[in-house]
Amino acid sequence: MRILAALGLLLVPVLACAETKPMTLEPMTPDPAILHDLAPTGTLRAAINLGNPVLAQAGPDGPAGVSVDLARALAARLGVTVTFVTFPGAGAVSGSAGSGSWDICFLAIDPKRAEGIAFTAPYVLIAGSYLVPDSSPIRTQEAVDRDGVRVSVGRGSAYDLFLSRSLTHATLVRAPTSAEAVTAFARDGLEVAAGVAQPLAAYAAAHPEVRLLPGHFMEIPQAMGLPVGRPAGAAYLADFIAWAKREGLVRRGLEASGQDPGLAAP
């Protein structure tokens, strides 16, 4: 909960807008300012991070998962079509925030990202965990931050940004994506891999030569977002995600894609 508390101020402006100007989320013709902010081309372009399998999964018919479900529901309420712009990792999504290639995204909240992205409240809460060789002397979270320990991370991921600020002795080794970070950890004999708990746990279950450390080093609040400077869209998006959680859309989307519905944020 420490990271949520530290990020509380980032959420206040968006949520305050939503409270001072309540919006109905029934199917309707939205205010032109909302459409201008959320679908300026007439189509809702949703950035989908395929590097986080809890939120999105690649499939033969296109991406699937809770973030895809949310994007479709938002487009339906706006009365526009939706198209998905897929990325291999979170860093590629946040790095393109000013490119004009997408209108909404699904990313972990982080102070650095908030410089270019206005976030809603979280809709999913996941954990950042460590993976180590089974023979490793590292047994606790605290033991990771020591001289000589190399931690493999996906470049630009939420845990890369977090660990860049919090680790003072260990060295981060960055791979292009989160999946490649695990590959590099195994291939190069690195001491630690950091990442989202669920895919690391799945990897550990299939590879008895590694194990997860107990506990987690951070809670990762996943939110919807849009480029900064779009206040009408930000207020509408804040109301939308509150409605999606209240109506159970987030829990159903997680369950339908084989994920734990208990990950839905309150």
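Ala184 counts as buried because its relative accessibility is 7%; buried means under 20% relative accessible area, exposed over 50%, and partly exposed in between, with a 1.4 Å probe and protein chains only. Ala184 sits in helix α7, residues 178-188. Helices here are DSSP runs of H or I with at least four residues, strands are runs of E with at least two, and both are numbered from the N terminus. Beyond residues up to four places away in sequence, Ala184 touches Ser152, Gly189 and Leu190. Contact means heavy atoms within 4.5 Å. Arg174 is 10 residues from Ala184 along the chain, and their C-alpha atoms are 9.1 Å apart.

The model is predicted: local features need pLDDT of at least 70, side-chain atom pairs count only at pLDDT 80 or more, and totals for chains, interfaces and linings use all residues. Residues are numbered from 1 along each chain as its sequence is written, and side-chain values use heavy atoms, with hydrogens and water left out.

Now the whole chain. It has 10 helices and nine strands. Of its 266 residues, 53% are buried. Among contacts with a separation of 6 or more, 73% join residues 24 or more positions apart.

Next, the interior. A nonpolar core is a set of buried Ala, Val, Leu, Ile, Met, Phe, Trp, Tyr and Cys residues joined through side-chain atoms within 4.5 Å. The largest one has 59 residues. Leu70, Ile104, Tyr123, Tyr130, Val151, Leu163 and Met224 have the most contacts inside it. Helix α4 supplies the largest share of this core, eight residues. A separate core of 12 residues includes Ala97, Trp102, Ile109 and Ile117. Leaving aside neighbours within four places in sequence, Met224 contacts a set of residues including Leu70, Leu74, Ile104, Tyr123, Leu237, Phe240 and Ile241.

Helix α4 also packs against another helix. The axes of α4 (residues 66-78) and α10 (residues 249-256) come within 8 Å and cross at roughly 135 degrees. Axes are lines fitted to C-alpha atoms, for helices over the stretch in contact, and angles run from 0 to 180 degrees between N-to-C directions. The two helices, α4 and α10, are therefore oblique to each other; under 35 degrees is roughly parallel, over 145 roughly antiparallel, 65 to 115 roughly perpendicular, and the rest oblique. Val66, Asp69, Leu70 and Ala73 in α4 meet Leu249, Val250, Gly253 and Leu254 in α10. By class, this contact has six nonpolar, one polar and one charged residues.

Methods. Nonpolar A, V, L, I, M, F, W, Y, C, P; charged D, E, K, R; others polar.
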